[in-house]
Amino acid sequence: MKNTTNLSVLLFSLVLSACHSEAQPTEKTKPNILLMVADDMGYADLNCYGGLSNTPHLNQLAKEGIRLTNFYAAASNCSPSRAGLLTGKSPARLGMYSYRPQGHPMHLRTSEVTIAEALQEENYQTAHIGKWHLGCLPQDTAFHHPQPHDQGFSYSLGTENNAQPSHLNPVNFVRNGEQLDAQEGYSCNILANEALSWFEQQWNQEDPFFMYMAFHEPHAKIASPPELVEKYKSHGERDAEYLANIENLDLAVGKVVDYLRAQGLLDNTLLIFSSDNGSYRQASNGQLRAVKSYLYEGGIRVPGIIRWPELIQGGQEVHEAAGFVDVLPTLADLLNLKSLDTQNLDGTSILPLLKGENFERENPLYWFFYRTSPEIAMRIGDMMVMGKDKDTVARTHPFTMADMEYVKEVQLHEYELYQLTEDDAQYHNLAGRHPEAEVYQQKLNNKLRKIKEEAYYWEKLPEAEGNRKPKTEWVKYKRIEEN
Ligand SMILES: [Ca+2]
């Protein structure tokens with residue numbers, strides 16, 4: 001009897017506290033938004049996706065939120081994927097065809113509307129912390145590209161591309177346009193510390209925040225704390241360094257999340273964690289086919305964790321396809337952003353999916369990359385249809401004038417079709433066998449026609465000089481059982 005009374009009191013106080021947390025001013029109902037992106041983390045790197053690294057903080061976030069099993073980056077390498085994430089548009093439409101090497105004119109143009117710009121309209125205070133890779137920072141004087149500040153971020157600490165010389169003691173950090181001295185420590189931890197100091201010193205605490213944290217880990221060249229590497233030494237030196245790198249990143253995520261939790265801010269923060277493309281290590285992509293740069297699943301399918309207990313019931317696994325280009329349409333839906341032309345975006349709001357409601361995608365997700373084969377992929381329901389040009393022209397790593405012309409004239413000569421729920425390792429090409437194969441191929445050709453029409457045309461690009469390789473030679477991969 002006594003136990004029952006205690007339980008009633010407990011329940012009553014729980015109800016009271018639940019009522020209390022809901023009775024907040026209207027402005028506070030806009031959630032804070034924390035968008036965290038790893039660099040080159042594979043689908044199967046995190047422990048909660050079957051990885052060998054110890055990742056308790058991200059495991060916990062997945063447990064308290066949604067773990068997406070069919071979540072896709074916007075592209076198979078850095079710059080286009082980040083551009084797609086921030087704009088909700090397919091990278092080819094943005095003119096982001098590949099990663100941006102230093103001194104290259106390609107960049108995210110100011111005419112595009114980023115998540116940060118859309119949220120600034122809603123009085124969000126915005127910060128970018130980490131890798132940028134959408135244009136040159138002021139230290140690269142060859143161009144005057146739009147800076148994070150011009151793309152909606154009122155604060156920025158980061159690098160143009162990778163942390164140099166590695167994740168340890170990076171020398172190329174820039175804060176709000178000013179080059180910094182060498183930083184001490186590991187990049188992910190420097191970023192976490194910067195996030196905390198931003199919350200303490202920059203954030204006005206009145207307006208909701210949008211923070212975009214773009215970690216440098218585990219992109220090469222990696223560096224991991226020796227005490228963590230030691231834990232994995234039975235895997236061999238090289239893998240130990242890598243596995244420790246993932247754990248170190250998890251610790252940095254944990255530092256930010258623990259801070260928000262301690263401040264009572266976490267539960268009103270919509271937190272998204274993912275990676276900008278698949279891993280360069282086959283083992284990091286699990287059984288998914290291929291690696292970074294390819295449009296096979298290993299190149300584009302990434303971890304996807306979304307947590308916001310005020311809307312999302314925790315502990316769910318979601319198997320529907322979703323991805324980077326859906327983030328902005330989802331936020332627009334959630335916040336009722338009227339100024340944004342969501343019809344012109346390639347993504348779809350996944351808000352119904354997050355709420356556990358019926359979800360239908362308006363436009364299939366698709367990917368295009370001129371430098372690997374297949375060059376195009378489109379996911380329609382559970383099917384992935386892919387097209388190959390059989391292009392044998394040797395191409396350089398940076399995007400050139402010749403590649404620009406190629407984007408405008410690429411044609412498909414061969415197809416692949418996979419049923420992903422049965423064959424996510426993409427062993428069984430159904431192109432010649434599936435009764436609707438031709439319908440899928442037709443849809444793919446229609447999409448390619450549209451890509452070619454809408455692809456942003458850069459007038460001035462470098463000519464193809466230096467190292468050239470045919471598409472199949474750039475990145476080789478083995479099936480996991482062949483390793
Ligand atoms: Ca990357």
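This report walks through some backbone features of a predicted model.

## Cis peptide bonds

Let's begin with the peptide bonds. Most peptide bonds are trans. In this model, a cis bond links Ser-373 to Pro-374, with omega at about 0°. Pro-374 sits in the loop that runs between β12 (365-368) and β13 (376-380).

A cis peptide bond also joins Ala-220 and Lys-221, and here omega is about 5°. To find Lys-221, look at the loop between β7 (209-214) and α7 (226-231).

## Positive phi at Asn-123

Now for the phi angles. Most residues other than glycine have a negative phi. Asn-123 has a positive phi, near 70°. You will find Asn-123 in the loop between α5 (115-120) and β3 (125-131).

Is Asn-123 buried or exposed? Asn-123 counts as exposed because it has 11 C-beta neighbours inside 10 Å, and the cut-off for exposed is 12 or fewer.

## Positive phi at Ser-293

Ser-293 is a residue other than glycine with a positive phi, in this case near 90°. Its place is the loop between β8 (269-275) and α9 (297-300).

And why does Ser-293 count as buried? There are 24 C-beta neighbours inside 10 Å of Ser-293, so it counts as buried; the cut-off for buried is 20 or more.

## Putting the loops together

Methods: Residues are numbered from 1 along each chain as its sequence is written. This is a predicted model: local features need pLDDT of at least 70, side-chain atom pairs count only at pLDDT 80 or more; totals for chains, interfaces and linings use all residues. Helices (H or I, at least four residues) and strands (E, at least two) are DSSP runs, numbered from the N terminus.
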